[in-house]
Amino acid sequence: MRFYKLFIWMLLLSATYAVQGQPTFPENGVADPRSGFFVFTHATIVKDAGNTLQDATLVIRDGRILAIGSGLSVPVGAVEIDCKGKFIYPSFIDLYADYGIPSSQQRPAGQPFDFFRSAQLETNQKGPYGWNQAVRSEQQAHTVFTSDESKAKALRELGFGTVLSHIRDGIARGTGTLVTLANEKENLIILKDRATAHYSFNKGSSTQSYPSSMMGNISLLRQTYLDAQWYKSQPQEEGYNMTLKTWNENQSLPQIFEANDKWNDLRASRIGKEFGVQFILKAGQNEYQRISEMKGLGTSFILPLNFPAAQDVEDPAEARFVALNDMKHWELAPSQPAAFEKAGIPFALTTADLSSVSQFARNLQKAREYGLSDTKIIEALTKTPAEILGVYDRVGSLEKGKLANFLITTGPLFQDKTVLLQNWIQGIKYAIKEDAGNVAGTYQLVVTTQGGKENYTLEVKSAGAATLYAKDTLLSRFSFDGKQLKIYYAPAPVRQRPTMDSTRARGAGMGARFSGMAEQPLPLTATRLSGVANGNEWNGVGSDSLGNPLTWTATLVKQGAITIDSVRKKDLPAVGKVVYPFLPFGWEEGQQPRSETILIRNATVWTNEAQGVIKNADVLLKDGKIAAVGQGLAVPTDANVIDGTGKHVTAGIIDEHSHIAAASINEGGQSVTSEVRISDNLNPDDINIYRQLSGGVTTSHILHGSANVIGGQTQLIKLRWGANDEGLKFANWPGQIKFALGENVKRSASPNGNNRYPDTRMGVEQVLIDAFTRAKDYQKQWQDFETARKAFEASKNKKLLTAPVAPRRDLELDALVEILEKRRFITCHSYVQSEINGAMEVANKMGYTVNTFTHILEGYKVADKMKEHGSFASTFSDWWAYKMEVEDAIPYNAAIMHKVGLTVAINSDDAEMARRLNQEAAKVVKYGGVTEEEALKMVTLNPAKMLHVADRVGSLLPGKDADVVVWSDHPLSIYAKSLYTIVDGTIYFDRKKDEELQQKVDQERTRLVRKMNGEKRSGAPVIPAQPSYQLMHSCHDHGHSHGLLVIDIE
Amino acid sequence: MQKIIVSALLTASLSCLQAQETVLPAKEQKGSFYLTNATIHIGNGKVVQKGTIKVTNGKIEAVGDNISVPAGADNVTDLKGQDLYPGLILPTSTLGLIEISSVRATQDAREIGELNPSVRSIVAYNSDSKVINTLRSNGILLANVVPQGNFVAGTSSVVQLDAWNWEDAAYKTDAGLHVYMPSLLPRPSFGGRGGGFGMGNFGGQGGDPVKEGLEKMEGLKAFFREAKAYQSLTDRKATNLKFEAVIGLFEKKQKLYMHATTAKQILVALDFVKEFGFEMVIVGGSESYQVADLLKQHDVSVILQQPHSLPTAGDDDVDQPYKTAAQLKKAGVLFSISDDDSQTRGRNLAFNAGTAAAYGLDKEEALAAITLNAARIMGVADKTGSIEIGKDANIVVSSGDLLDMRNSNVTAAYIQGRKIDLTDKHKLLSDRFEQKYELKAPRKGF
């Protein structure tokens, strides 16, 4: 009986058929229309993650579900398939499959930005497209979609039935198309032609220079939203712009953003928020590191399952360069889906980012081990993706009327021994694995050779494993696919235990299996049998060890027991904690320092105010502010009292020129990029935040680089170690913008010359004049528009008038108008006197002021003119001779400018020197004899003034922010160390605590190195140790090396 | 383009011609003079309070707190309690080889090729470089002029910084052969899609850097083996200048300077001590603290190139670069401190030592790292590096702690007893513009 059932199953397996042909297509031969009318009975049907029917029936016809439920009668005319013991699930949906996009659409990546390469300033794409090659909203995946059976098969084998495909090229990537994985003509499998719109931060194949930075990517997207909106008014001067047209058409679709990183998720969502778009985010591996921020986005995610591999860290000399955070990430990344589940964030799972989709099952299993529930997995592979696309009425669960996309398995999904048998798509069966049924049992094997009959006992454990005995156990192999079987055997070598597990490491079920056992090789002289199952009997032919032909018969004598997976509840793996930021010295949840009441007693206090330096004085910090400064302050009951005896207290150091904590610094793609904003791409995961706190820095001005004349908008941050990107920002700060002059903007260092205007200091002046002339015209356009709009609004007979049309909003010019309206201030990279005077002359002509000249190493030559213009000066103490334009730089510069009456700051422009800015200030005493108090102001109060925040920071005045440093020694001395660096009354750096944190780092390293070594010894694959390099930005101005593991980039 | 640079250079050098030309190298010192009432930092760890030194014919004749000074003599200078130090030695520098880092025409530090043992830095040393006098102003009186390179770069020479030409400047010639070791560290390639900001992939290009680096080092050993054999070869058919250039290493007249950072590099470098018995100096050495005992065991010394650095790895102690010197000291390793910052061109040497003092070294030990110990490493300790009898009178006087920028103020300096002019380009430019703004009275003859 059992074999009879099996037989039926096998028949079904071989019965492939085509759905009804397309009416418009001629038939070459006799038509073979079928309705695909099937009824699946006695199955356990999981309709969706929350609904399971026992002994239920599923009826499908014409590719759709006709009925589903318990106790349904078998319809007349349907083929019945008995699914007793089988499970039926909705098939899976992948929103980020790389399927059906022909390789011709996968254009090679444009080269990464290179400061020295010649610029491509215009698009080289022919046709009525937009101005930027990276915006490809006109792409439509369905127009190029080509089904690809080999890829479809791989996905079907994993249980997928429906996938979303798009052309992964560009910052805007056009529309994606929803298709099934049926092996049919494209016409029949496209479920939705324009299903989604896609975006990324990756310019892909674009060879155009702009954008060359993360900030540029963001600005380009923002500007395109504005342009597309404006294009709706059909501006004559724009003509026909297919890119903007399709951009607008795509807006009604679900919008999917490939962010691939936790901070990029936030960046993308901010763009979305600005333009009223809720992006669905394609995540990366590290979102678990900021799970509450992810939750706060209130959107759905598409999670990949590519987890980092263990590294080979057995050699301590190599392990040395593998960072703690990389090892922690290796340990924690598989917990990402579970973290999303726990946080209640909706997500779909994808095969994307895996080097091979075949890793999907194994990694899914890993995510499961790390706490992802089976229910959630099903939901993340069915309902959630369907709902994200708005196609839950068609796919994503098993309901009447939905597509007949379902899986038939031998047991509950994801359990080790469960085998996926069939994947039905649009009512068409795709066999994945033959059902061997319960083949287990004892068989009498009779082999008939020329010499007579030989009797053996065959104990079959499963379709892939059996043991063969004569007198002794033989060395053998066995396989059975439900119909055909093969047996090989040979006498076992002495003392060797035979193993026959031919499914080893192949992952027969949804769960991957590994076996460390090595198979005994079969000798070439093994007897080979092959045959076919016919009911309870197997018959076949073969060839013995000498090559003589034989026949054989195997008869079931005792049926084996059906082995059912015992569902073991495994403990979650023990893992370390997420720290904030996800770096060494990061805070564990709950351990983050908080603002407290702090009294520093009996110290030498440098007030930077009229009281000057007060000896034996106290400083009280409360509620994040400086509460009192003076002698003999009362001790509040809740105060953390710091003994300041022999110590010095100053305001926190403010670095006017820094490039830390940002994902990109230079948008070098054009000469004017006032639209880009550092604030769009802050990176709180920069170890230099902590290192600079250790040097007493509390506030840093993160500048755009000096690649172009009008660079980007800058961002002032406070060094709140552990905060997220928004949390770093200095609140309510009037913005600044970086300008640059001289060698960098004319690209003098480029060995291939320069094709980007300007190439001379003459051209630099022209770029400035041109930009501000355009800005003024633009300003007037808007003023005129506002006037006309008001007149129109006020008019009583509106019908007779034409409503005024708003000018195109231009983010680049907006920023320049802000300068003209004194709402944004310039900090201008500058060196030689001619260009400084030139910049001031343009400013005077155009009606703005250059707020700060930064670098300004020849400021001493033109200090009187700068004073007259009203500029601040921010300079290096003693840098010179690293390029031509600093040949006349002198360390007396700051002192002379100070003596002429300028407000002068000493800045770092360098992640290393920023840690010693107090000592850099001391050099102004050494070179030029400025007083110590005035010198200290050059790294505290004076930069606060030029940043327009002197009412908040820069001195120890009650009411100002409690940004304070306690020094071990005179603050200008080489021997001074910061003991406490306090921001907003919060101790972010505490030299004693630092030692504890260092010990934790070392302990955690040791633990993880051991764990990785254990992984290697257990036989798991490991990759060679990968030194953890840090990308470090600079303004591309000097060749300061930052050590072995730092890669300096733009 | 080329023309622009050339003409720009020309203009620049003309404009400050006057500045440099007013500074004349001092004449040979003859007879005796005394410097009295100074806190004398000997350079070997000792300090003499209220000390006097007597200099005769360029050499230190006497030093101590009990030197008798002839009454009423006009060759006595009362230093009034100022600090007196040995002239500082900058142990690695491209001084005189590179004038402006980004201008190719002014770069003479790096020759083409990977095996350049015969290349000599001294012949390119420009004793009229504008950088030189700015170093003297901070107490640096000698420098080791080091060629850069991709592998075997050539020999360095020690120069004194008050000379008419390189021949006059030469203090010890060709005494160090410099090898820039391969990194032995995989580096990622940026093969990602355009506009990507993530890290690239490892091992994408160029094969295995560790294996290749090790092969390269084996190749260098093979070179030395042949060079050694060449010395005893009687029937030389051809002269090999490269072999001849390294004979000094075998005779211990030269030292092998291995530019190396990581523990693995240093371990590989030790082979050259073991097999060839070379006297070796590790240059760079930011990771040297990890193998300090091995360095001591093999008598290898270290030049810490830049204590003012960021820690190598994020996991490191935030102050690791500041602490490395003290760790080497504790292990008994002979080390010196350098300042190879290309922005400041070495003038912060003393402050790098000061930082080492803030993080565990005794102040006099920190001073030794830029005076006597540097001299020992460079093989010039018989002539300079400390205020000791018989040595050249290379002396710096400062009105405050030379290691602390807060107080450091060099008031006088002597090279071989010659009192040098501490004017430099920066002082002159400062002077010029202070006069423009009437911040000070006009200078005589200016």
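1. Strand β21 of chain A, residues 474-480, is mostly covered, with 6 of its 7 residues buried. A residue is buried if 20 or more other C-beta atoms, placed from the backbone, lie within 10 Å of its own; it is exposed if 12 or fewer do, and partly exposed in between. Strands (E, at least two residues) and helices (H or I, at least four) are DSSP runs, numbered from the N terminus.

2. This is a predicted model, in which local features need pLDDT of at least 70 and side-chain atom pairs count only at pLDDT 80 or more, while totals for chains, interfaces and linings use all residues. Residues are numbered from 1 along each chain as its sequence is written, and chains are lettered from A and ligands numbered from 1 in the order in which they are written.

3. β21(A) pairs with strand β22 (residues 484-491) of chain A in the antiparallel sense, over 7 bridges; two strands pair if DSSP finds at least two bridges between them. L474(A) stands opposite P491(A) of β22(A). The hairpin has 3 residues between its strands, and G482(A) takes a positive phi near 105° there.

4. A723(A) lies in the loop between β36 (715-718) and α16 (725-728) of chain A. This residue counts as buried because it has 20 C-beta neighbours inside 10 Å. Apart from neighbours within four places in sequence, A723(A) is in contact with P684(A) and L728(A), where contact requires C-beta atoms, placed from the backbone, to lie within 7 Å.

5. Between the chains, 72 residues of chain A are in contact with 56 residues of chain B. On the chain B side, the elements giving two or more residues are α1 (2-15), α8 (263-276), α11 (349-358) and α14 (425-436). The most, 5 residues, come from α14(B). By class, this side has 25 nonpolar, 21 polar and 10 charged residues. Ala, Val, Leu, Ile, Met, Phe, Trp, Tyr, Cys and Pro count as nonpolar, Asp, Glu, Lys and Arg as charged, and the others, Gly among them, as polar.

6. Chain B is divided into domain 1 (20-86 + 385-446) and domain 2 (88-191 + 199-384), with bounds from an automatic or database domain assignment. Their C-alpha centres lie 29 Å apart. The contact takes 34 residues from domain 1 of chain B and 37 from domain 2 of chain B. On the domain 1 side, β5 (83-86), β16 (395-398), β17 (410-415) and α14 of chain B give two or more residues, and β17(B) provides the largest share, 3 residues.

Key:
Contact = placed C-beta atoms within 7 Å.
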